[in-house]
There are 2 protein chains.
Amino acid sequence: MAQSNLWFTELQNENLSIGLRIEKTIHSERTEFQQLDVYQTAQYGKLLVLDGCVMTTDKDEFVYHEMLAHVPLHTHPNPKSVLVVGGGDGGIIREVIKHPSVERAVLAEIDGRVIEASKTYFPQIAAGLSDPRVDVQVVDGIRYVEEHPGEFDVILIDSTDPVGPAVGLFSKSFYESVHTALKPDGLMAAQTESPFVNQELIRRVYGDVARTFPIAKLYVAFVPTYPTGMWSFTMGSKVHRPEDVKAVRVEDTKYYNLGIHHAALALPNFVKELVGE
Amino acid sequence: MAQSNLWFTELQNENLSIGLRIEKTIHSERTEFQQLDVYQTAQYGKLLVLDGCVMTTDKDEFVYHEMLAHVPLHTHPNPKSVLVVGGGDGGIIREVIKHPSVERAVLAEIDGRVIEASKTYFPQIAAGLSDPRVDVQVVDGIRYVEEHPGEFDVILIDSTDPVGPAVGLFSKSFYESVHTALKPDGLMAAQTESPFVNQELIRRVYGDVARTFPIAKLYVAFVPTYPTGMWSFTMGSKVHRPEDVKAVRVEDTKYYNLGIHHAALALPNFVKELVGE
């Protein structure tokens, strides 16, 4: 078969792009909230795109999903009630329910079409959504958080980039609502873009989280399909410290392990400077 | 000024590309060994390209150069005599001579035009090449290593990709020559591509190094302009272990620190599997 000459090219910022050879377009639709496309790539299997930005691929999704879920969930000694804001593909939920302590995991995703597309085209990512402990809510995550004070041990914010529908998920008032929605020893983590190209955002979000929670920590992971391949996550915690984790409770992971948990917390000097560490 | 519409696009493999907006072409030549281009990028400052592949940029060069130099140099308790094979831009040498114990650093680069281009267009990277401890040799690194048995504490292999002039630098017979060129407690490190896309190469090189040296260790760093952003280095050591490093001897680094030294040695599960760790 001749090689396809179709390329998906994401302009990651105005000066930087990533290109993925596309074997075919599998699905395209305009949802109520965004443009949603699914492609078959030659390198990374199927690719989910929202508003032109890479969300996830079959072959590298494990890094982002494991790292946004397992670093905070292991930081909490006994997470029973977990909320995922965004994350309609289900990848974070799949990782959350690997923790035996979890009794209830709520997914609050604003765009029901993302959930449906993931179930259809990324069944291995969406697998956890049918688990009896999982409560899928097609709602505005900001409002959901405001309406559920004191309910969660861990809240994970799996947002798109800080433009369009996700802007509110990067605001100080949202982190304050998250603080209120957490139990007295609860903690949160959010995806917070690349330390190489989103320095202003990271500095601002880290500052807002550090003013809202007594403990704030940035951590990083290798995500090849996101800009620069270096991705950051910001944790805010009322009591528990990620540095104190001594053992891992889940075993079927492709990226996360106890060494990686602590390695992710070790920041290069230029990133330490960003967050004043 | 209108934004340039010129892009440098590197086909990182047949299915994957990175694009950098180019403000202007600064220099282009065909050397005896390869095509050499220098561009001004909008994102990363000046960019050095050899045979179409990104070698280094002003803004992210510090990661690769610090990590190929400082992890092995700190692993050796008292490195005095260091050889860099390849690395004509001078970035590794600049980091090597930050170590106060280093009395002599030899650069064995096959293409003298790379050295000259770096001195002209990347003076902050080439800065160390004029240090009195540095001996710049425009020679075939493979032959140089063969002709200097028992001479070095540390040998660093800063090669281009394993195609064209650099193929020999990824062979078992070369690692054996390196072993012979090292003192009885010497050690080596080489750049060994991305764990996401060069898995066969990493598996083979790691195996060859592990069969040549009693101690072999893979480590990783975030290099945004290299394929997938996750880059690996393979260390081979006769006596000293990178895990044993307790303190850092250099302070003016932008990436490397003691936490990063150990974090770089912590591998994700899928990379551990590659090297049988």
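**Stop 1: strands β2 and β3 of chain A**

Select β2(A) and β3(A): the two strands run antiparallel and are joined by 7 bridges. Strands here are DSSP runs of E with at least two residues, helices are runs of H or I with at least four, and both are numbered from the N terminus. Two strands count as paired if DSSP finds at least two bridges between them. This is a predicted model, in which local features need pLDDT of at least 70, side-chain atom pairs count only at pLDDT 80 or more, and totals for chains, interfaces and linings use all residues. Residues are numbered from 1 along each chain as its sequence is written, chains are lettered from A and ligands numbered from 1 in the order in which they are written, and side-chain values use heavy atoms, with hydrogens and water left out.

Now pick S28(A). Its bridge partner in β3(A) is D37(A).

**Stop 2: strand β1 of chain A**

The hairpin joining β1(A) to β2(A) passes through 2 residues. Click L6(A) to find I22(A) opposite, in β2(A).

Next, select L11(A), which sits in strand β1 of chain A. Which residues does L11(A) touch, leaving out those up to four places away in sequence? They are L16(A), S17(A) and W7(B). Contact means heavy atoms within 4.5 Å.

**Stop 3: across to chain B**

Keep β2(A) on screen and show β2(B), residues 16–30. The two strands run antiparallel and are joined by 5 bridges.

N13(B) stands opposite L16(B). Strand β1(B), residues 6–13, pairs with β2(B) in the antiparallel sense over 7 bridges. A hairpin through 2 residues joins β1(B) to β2(B).

**Stop 4: the whole A–B interface**

The buried area is about 3,200 Å², with 59% from carbon and sulfur atoms. Buried area is the accessible area (1.4 Å probe) that two parts lose on being put together, summed over both.

How many salt bridges cross the interface of chain A and chain B? The rule finds 0. A salt bridge is a side-chain nitrogen of Lys or Arg within 4 Å of a carboxyl oxygen of Asp or Glu. Polar contacts do cross: 24 residue pairs, both at pLDDT 80 or more. A polar contact is a pair of N or O atoms within 3.5 Å; within protein, one must be able to donate a hydrogen and the other to accept it, and residues adjacent in sequence count only if both atoms are side-chain atoms.

**Stop 5: between the domains of chain A**

Colour chain A as domain 1 (6–56) and domain 2 (61–275). These bounds come from an automatic or database domain assignment. The domain centres, taken over C-alpha atoms, are separated by 23 Å. The contact takes 21 residues from domain 1 of chain A and 20 from domain 2 of chain A.

Together the two domains bury about 1,900 Å², 67% of it on carbon and sulfur atoms.

**Stop 6**

Finish with D153(A) and K183(A), whose side chains meet in a salt bridge (3.8 Å, N to O). D153(A) lies in strand β9 (152–158) and K183(A) in strand β10 (182–191) of chain A, so the pair ties together parts that are 30 residues apart in sequence. Over all chains, a search of the whole structure finds 32 salt bridges.
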